[in-house]
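Dear colleague,

I am passing on the structure we spoke about, and below it you will find what came out of going through it. Please keep it open beside this message as you read.

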Amino acid sequence: MIWALILFLAQAAVPTQIERGEALFSDAERGCVSCHSMKGKGTAVGPDLKDLSRIPPKGIAMAIRSTVTQYVQIVKLKSGESFAAMPPGDKTNVIYDLSKMPPEPHNATKADMASMSANNGWKHPPAVRKYTPEEMADIVTYVRFAGANNRQAVSPDDIK
């Protein structure tokens, strides 16, 4: 009976895959939370991941690893400052300098911008972070849980 209790307590101390994925997602230096929000945490600088959470694990992993950043543009302000940024929406004057981690907000209207041009080298941060296959599986599991309440585990083999 005591061994059963010890085993139960030992298992309770081991984080689940969802918890490991959430920790990686929420990590201030290596995580996704600097640019994306899930379950009320993070910054909605980048695209909303809720819709992404409904696609197969391999597709989510491909999006995380992607270096295709067609939505990122180089913004040059009339003040002379230039940086990679998400184009500003119609409802906000805030644009984020994606060259900084976490992205640095700038209060700038479209009238403050001298130009916007195609991205010339900014990479999606996870593409350069070199997550292990296990870490990637954990992040994918968390994204699926946070966006679609899917608790199914993801194996590293599922995202190759």
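The sulfur of cysteine 32 has its closest cysteine sulfur in cysteine 35, at 8.9 Å, which is too far for a bond. Please bear in mind that this is a predicted model. Seen from the other end, cysteine 35 likewise finds its closest cysteine sulfur in cysteine 32, 8.9 Å away and too far for a bond. Because a disulfide requires two cysteine sulfur atoms within 2.5 Å, the count of disulfides comes to zero.

Next comes the largest pocket, which has a volume of about 430 Å³. Its lining is made up of 31 residues, and those nearest the centre are His36, Pro47, Ala63, Tyr71 and His124. Sorted by class, the lining holds 21 nonpolar, eight polar and two charged residues. Which helices each supply at least two residues of this lining? They are helix H3 (57-65), helix H4 (125-129) and helix H5 (133-148).

An α-helix has 3.6 residues a turn, so residues three or four places apart point the same way.

With best wishes

Note on methods: Residues are numbered from 1 along each chain as its sequence is written. This is a predicted model: local features need pLDDT of at least 70, side-chain atom pairs count only at pLDDT 80 or more; totals for chains, interfaces and linings use all residues. Side-chain values use heavy atoms; hydrogens and water are left out. On a 1 Å grid over the protein atoms alone, a cavity is a set of points where a 1.4 Å probe fits but cannot get out, and a pocket is an open set with protein on both sides within 12 Å along at least five of seven lines; lining residues have an atom within 4 Å of a point. Grid points are joined across faces, edges and corners, and a volume is the space filled by probe spheres set on the points. Helices (H or I, at least four residues) and strands (E, at least two) are DSSP runs, numbered from the N terminus. Ala, Val, Leu, Ile, Met, Phe, Trp, Tyr, Cys and Pro count as nonpolar, Asp, Glu, Lys and Arg as charged, and the others, Gly among them, as polar.
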